[in-house]
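This briefing covers nonpolar cores and aromatic contacts in one protein structure. Please read it alongside the sequence and the model.

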Amino acid sequence: MRLRLGDPSMLGALTAGTQPWVAAATSDDGPVTAYDSAGRTHTLDARKTPARPVYVIDIDGSRALAAGLDVLHEELARRGVRSADPAPEPQQARTSAAAAGFWTTRVSAVSLSDDLEPWIKGDAEIYTLVTGFGHDGKVRVDPVDMPYLDNDGTVYRPQQILVNWSLYKYNLADAVMMEDDGSTNYRDLAKAIAAILLTVTDQGAYIPLVNAVLDAIPDDWWTDDPDYVDSWYTLARTDNGTRHGARGNGWMTLEPYFVQEL
């Protein structure tokens, strides 16, 4: 749990002596109920930042998301939505130690138009589900935490690895970016994703999986938890440049990056 100021723009009024109200961060995007020092209630718009300072009581979203993604990893693996480890390369293919390693796709810059996070929730908690076919021909999902992506309208330059191509059978993968609002049941999310993706079989050619992931998310979750931010179809290992999301809500500048073995 934590106590924080609802938005940095409220600091001026607070330091000037304006009496703050107190509110609890709710699990939906409806009206916010705030309380003054006399216990009276006041209704605020979750999407319009008030001028009056408001202290918000909520959970530490970044820590909660990191813990939730650990649960998602474990539950997806338990339900079989992972691939086998990459097959070892023949010894003759490894001509030198200097050549050993694996190719990845790295995010050199990323920005969102709308992070789908109202002021009452504070910074956004963004993660991306990278999907593709593993070496065993089964669909795999690799959650990627993006804890730096706090605010929309800001360009971030994380140099973060998004796709590890050594884990995939094909030279294509999809990415679905989500925003967590704090009360996601990641075991339920893993169960829903697994139920759909385990029905997708390898036909010897790459099949886009974005729609399958979106279809797997229960309908009632679209009201708040988790929010669909954007998606990228058919990312390739050779992608080098800016790719805009299918929803038009974000873009990422991607580059091939070879991770050298020590």
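**Core packing and aromatic contacts**

The largest nonpolar core has 29 residues, and those with the most contacts inside it are Leu72, Tyr127, Ile193 and Leu197. The model is predicted.

Nonpolar cores
- Two or more residues of this core come from each of helix H2 (61-78), S7, strand S8 (139-146), S10, helix H3 (186-197) and helix H4 (210-216).
- H3 gives the largest share of this core, six residues.
- Leaving aside residues up to four places away in sequence, Leu197 touches Val81, Val139, Val141, Ala212 and Val213.
- Another core, of 22 residues, lies apart from it; Val110, Ala175, Trp232 and Met252 are among them.

Aromatic pairs
- The structure holds four aromatic pairs.
- One of them is formed by Phe133 and Tyr170, edge-to-face, at 6.0 Å centre to centre with 90° between the planes.
- Phe133 lies in strand S7 (residues 126-133) and Tyr170 in the loop between strand S9 (160-164) and strand S10 (172-179), so this pair ties together parts that are 37 residues apart in sequence.
- Phe133 and Tyr170 are both buried.
- Tyr148 and Tyr156 form a tilted aromatic pair, with 6.1 Å centre to centre and 55° between the planes.
- Tyr156 has a relative accessible area of 15%; this is under 20%, so Tyr156 counts as buried.

Charges over rings
- Arg106 places its charged end over the ring of Tyr257, 3.9 Å from the ring centre.
- The charged end of Arg140 sits over the ring of Tyr168, 5.8 Å from its centre.

Technical notes:
Residues numbered from 1 in each chain as written. Predicted model: local features only at pLDDT ≥ 70, side-chain atom pairs only at ≥ 80, totals over all residues. Heavy atoms only, no water. Phe/Tyr/Trp six-rings, centres within 6.5 Å; stacked < 30°, edge-to-face > 60°. Helix = DSSP H or I, 4+ residues; strand = E, 2+ residues; numbered from the N terminus. Buried < 20%, exposed > 50% of the residue type's maximum accessible area, 1.4 Å probe, protein only. Lys NZ or Arg CZ within 6 Å of the ring centre and 35° of its normal. Core = buried A, V, L, I, M, F, W, Y, C linked by side-chain atoms within 4.5 Å. Contact = heavy atoms within 4.5 Å.
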